[in-house]
Amino acid sequence: MPLSIFFLLLCLLSPPLHAALPLPGGYYINCGASQEETTGGIQWIPDEGFINAGNVSKIGTPDIVPVLATVRYFPDESARKYCYNIPVARGAKYLIRSTYYYGGFDGGEKPPVFDQIIDGTKWSTVDTAENYAGGLTAYYEIVVAAQGRTLSFCLARNNQTTSSPFISALELVSLEDSMYNGTDFAKYALSTVARHRFGYDGEIVSYPDDPFNRYWEAFTDSNPYVECHSNVTPSEFWNRPPETVFQRALTTSRGKKLAVQWPPVTLPSAAYYVALYFQDNRTPSPFSWRVFDVTVDGREFYKGLNVSAEGVMVYGTQWSLSGKVEIVMTPSSDSPVGPVINAGEILQMVPFGEKTITRDVISMEELARNLKNPPPDWRGDPCLPRQHSWTGVSCSQSGSIRIVGLNLTNFGLSGSLPSSINNLTALSNIWLSGNNLSGPIPEMSSLRNLVSLHLEDNQLSGSIPSSLGGLENLKEIYLQNNKLTGNVPESLKKKAGADIKLGPGNQID
């Protein structure tokens, strides 16, 4: 589900001039921009080099902040997805935030609807129409652990898409290892539903208060709030919340239950990660404590929670929720004061789907680099999601996800074929005829499943690999109309039952 902020928010999040603070680590990508910009104390860079598809448009909204002043949009309806590839550290944890401000860049009045994909798994559907109508920017967040050395963030059309998908900004922020612990990040990602500081009705808190540039929105209800009289140490909390979120708390009178309807949205039935933050608001002393039980949606979340002036965080993973949710804090009979709650985070657990095996992904990425003009959707996972596989790529339908076919006949390709194609050992068909490929035919001795090889009508040169004759399943070998030289390998001359075409167009004996 989208989260929303006023579209001038990024101007309001500027750090104080006297503060010389380290910038949050990661990438802050201003999509469609032509130069670097510093906004809110953060340096934003153009998206050149992260993506090789799409067009750029400026937004005509007056006085808009630079980060929202341009979009990259994707009018090519033939591409199955449009992907940013971002360098990461394998196993490291990141917060990904995508931001969308439509601004009528395409002359329309309603933003398009489309999907977001993280490393081959559909994450969410982007629908910013309601936010845009209210003058708001929409953003989406997800916490992931990198499975490889690059992370792909993709947009893709769905059956609701009627105009070009677009994006305003993309952030990838490094998180510490302790953050959002208890989650099996090999199997799940965490999509942000809400992150609030309670007892506030003002601006969003972010960097520099939060060194990871998370957005902590204000939340109030009919409960009274109190000011807190001591600071906490964020490093003592696994999720590293900023000190700011502990400055106020919702509370109630001694002996009464504190009930908070939160988050302020209706939740789809799913599993969630829930983190709640508490601090006794009084001046630290032997008496600055309070004890209460916490229930979430009527189920015990934590029993006998002892909250002191130092603060405490409790969390739950795989917490099944749906609809409207109520958090209730019930004080113990001897607690000297009523319960308090300072802040909360709730993130939906997103199961990661299958992934194409790493060897095939690496080989296909090498092939894409060797082609001077590969299809625009040749980024991200080659096979997944299945309806958004790379153009011309066929994948296995069961068992391990493998590349089983390449068909880019008459696609206008140039460049060369890398030796890594020999690692695509599940290939049964290679159809690359009618292009402008040059260089030698690479070794293919490992392609034991290869049935059909069509490389005719290109500019390939050098000799014919003798190993082709040793591939028992290979029944079609079309190499005519290239610039091949040398002798026909004896293994091909002896290959029985195969349809072999080597001429015209080659200088071979």
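1. The second largest pocket of this predicted model holds about 330 Å³ of space. Its lining is made by 13 residues, and those that lie nearest the centre of this pocket are Pro2, Leu3, Ser4, Asn131 and Val265. Three elements, β1 (3-6), α2 (129-133) and β15 (188-198), each supply at least two residues of that lining, and β15 provides the largest share, with 3 residues. Sorted by class, the lining of the second largest pocket divides into 7 nonpolar, 3 polar and 3 charged residues.

2. The largest pocket has a volume of about 760 Å³, and 28 residues line it. Asn85, Thr150, Val361, Glu365 and Gly380 are the lining residues that lie nearest the centre of the largest pocket. At least two lining residues come from each of β7 (82-87), β12 (150-156) and α3 (358-370), with α3 giving the most, namely 6 residues. The lining of the largest pocket is made up of 9 nonpolar, 11 polar and 8 charged residues.

3. Strand β12, which contributes to the lining of the largest pocket, deserves a point of its own. Because 6 of the 7 residues of β12 are buried, this strand is largely enclosed by the rest of the structure. Strands β7 and β12 pair in the antiparallel sense over 6 bridges, and within that pairing tyrosine 84 has phenylalanine 153 of β12 as its bridge partner. Strand β9 (residues 113-118) also runs antiparallel to β12 and is joined to it by 4 bridges; here aspartate 115 has alanine 156 of β12 as its bridge partner.

4. A record also describes part of the chain. The UniProt annotation, from an unreviewed entry, assigns "domain: Malectin-like" to residues 29-348.

5. Arginine 72 lies in strand β6 (residues 70-73), whereas aspartate 47 lies in the loop between β4 (42-46) and β5 (55-58), so the pair ties together parts that are 25 residues apart in sequence. Buried means under 20% relative accessible area; arginine 72, at 11% relative accessibility, therefore counts as buried, and aspartate 47, with a relative accessible area of 1%, is likewise buried.

6. A salt bridge also joins the side chains of glutamate 141 and arginine 195, at 2.9 Å from N to O. Glutamate 141 belongs to strand β11 (residues 136-145) and arginine 195 to strand β15, so this pair ties together parts that are 54 residues apart in sequence. Glutamate 141 is buried, with a relative accessible area of 1%, and arginine 195 is buried as well, with a relative accessible area of 3%. Strand β15, which carries arginine 195, is the element that gives the largest share of the lining of the second largest pocket.

7. The salt bridge between aspartate 293 and lysine 303 has its closest N and O atoms 3.5 Å apart. Aspartate 293 lies in strand β21 (residues 289-296) and lysine 303 in strand β22 (residues 299-308), so the pair ties together parts that are 10 residues apart in sequence. Aspartate 293 is partly exposed, with a relative accessible area of 25%, while lysine 303 is exposed, with a relative accessible area of 55%. Elsewhere, salt bridges that share partners join Arg97, Glu141, Glu171, Arg195 and Glu345 into one network.

8. A last point concerns an open sheet of 5 strands, which are ordered β29-β31-β33-β35-β37 and pair in parallel. The edge strands of this sheet are β29 (414-415) and β37 (507-508), each of which pairs on one side only. Within the sheet, strand β31 (residues 436-439) and strand β33 (residues 459-462) pair in the parallel sense over 2 bridges, and the bridge partner of glycine 439 in β33 is leucine 460.

Conventions
Residues are numbered from 1 along each chain as its sequence is written. This is a predicted model: local features need pLDDT of at least 70, side-chain atom pairs count only at pLDDT 80 or more; totals for chains, interfaces and linings use all residues. Side-chain values use heavy atoms; hydrogens and water are left out. UniProt positions are given in the numbering used here, feature names are shortened, and annotations may be inferred rather than shown by experiment. On a 1 Å grid over the protein atoms alone, a cavity is a set of points where a 1.4 Å probe fits but cannot get out, and a pocket is an open set with protein on both sides within 12 Å along at least five of seven lines; lining residues have an atom within 4 Å of a point. Grid points are joined across faces, edges and corners, and a volume is the space filled by probe spheres set on the points. Ala, Val, Leu, Ile, Met, Phe, Trp, Tyr, Cys and Pro count as nonpolar, Asp, Glu, Lys and Arg as charged, and the others, Gly among them, as polar. Buried means under 20% relative accessible area, exposed over 50%, partly exposed in between (1.4 Å probe, protein chains only). A salt bridge is a side-chain nitrogen of Lys or Arg within 4 Å of a carboxyl oxygen of Asp or Glu. Two strands pair if DSSP finds at least two bridges between them.
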